[in-house]
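Me: I'd like to go through the labels on this one and check what each rests on. Can you show it to me?

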Amino acid sequence: MAMALIPATLTTASAGETPTAPAVPAVTVGKQAADPQKVRDFWTPERVRKALANEKGDQTVIARDAKAAAEKAASEAADTTRKAAGAGLTAEAPQARPARKTAAASTMTAAADVPEMPVARKVPFPQNSPATVVGKIVFIDDAGKEHGCTGASIAADGNNTVWTAGHCVHPGDGRGADGFYDLVLFIPGYKEDPTSPGDYQAPWGEWVARSFVAPQAWTRDKNYEEGDLAAFTVSAPTGYTNLTDTVGALGYKFGYGSDWSDIIDSGFPGEGFNRTDMDGYIQFYCTGDVVDAVDWYPWDNRLEMDCDMGAGASGGPMATPEGQIVGANSHVETDDNDNRINDNLYSSDHGDQAVAVINAINAGN
């Protein structure tokens, strides 16, 4: 399927001025060298269950890190020498349908108004387009501990790219290319085996990560305001052509601000705010408006949405009814005891850093 990918556009200059190209943020590129079959074989149902259990603890660490980052940013608010964040880069692409269309109700349609739904519901047709673009990511950290996140197939050159949060592929500890996680696997349309509880099924194949791109704002600085985003390419399992032809791909609209109406947020949460019915195997979604998290502070353009999904939904897409990603689930708010205090769900700003990442992917890293 042909896709019209629109590259980053630059701010135009008025007559008589010499246009200056905005600086494109630096990115970190890494590779996963493991044999794809070795990666697939590693992820037994038991190890996936461990990942689901461990990701619940990840949420408090992410929330604590994000809180510390916000406090640091607030302390810098009086620094009048800083320039407003963002060079004004934009990038846009439409969603792509799978090569073989399936008939089902859609969770993403521009034909009807999207209601405010902060209490997440189960996706009604998780094995049909466009819900199948969203999948489970599993990986291990340096200590060999299993973890889980969410990701989504995104329209990009090569038709084999997943969009997610930066913390789902890299700890943000300054190690650069050596820091990317190992045994990273993407499972679109992933679900629990109905005949064997605790086991999982991969009806659309298991796609092994091959190369990663994340902004240095994450890999070096662990910046939750604009850096907690990433993309990685995948290799097709036997019997499949590419990811886009198989499940479709969400488009994207990066660099157009933090205020959006009628957003659909999807993920595979293992827990939620005041929820007991989320186990990491089921795809949920919220709908509603997204706003600038701190509209009075120009250096923090995170996206804030009312959605009670929690751990495990990290990296899940915030997308428009037209199927374009504008954010990715990053973190929540917690108190001093690491207890979540509300249903706010945050994404890093998808501006210059997101443009830099998708451009690097489209350029072949």
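Reply: Here come the labels, each with its cut-off. Bear in mind that this is a predicted model, where local features need pLDDT of at least 70 and side-chain atom pairs count only at pLDDT 80 or more, while totals for chains, interfaces and linings use all residues. Residues are numbered from 1 along each chain as its sequence is written, and side-chain values use heavy atoms, with hydrogens and water left out.

Me: What makes Cys149 and Cys168 a disulfide?

Reply: The rule asks for a pair of cysteine sulfur atoms within 2.5 Å. Here the S to S distance is 2.1 Å, so the pair qualifies. Cys149 lies in strand S6 and Cys168 in the loop between strands S7 and S8, so the link ties together parts 19 residues apart in sequence. Strands are DSSP runs of E, at least two residues, and helices runs of H or I, at least four, numbered from the N terminus.

Me: And how do you know that Cys286 and Cys307 are joined?

Reply: By that cut-off again: S to S is 2.2 Å, so they count as a disulfide. With 75° about the S-S bond, this link is right-handed.

Me: What is the pattern of the disulfides?

Reply: Counting bonded cysteines along the chain, the pattern is 1-2, 3-4.
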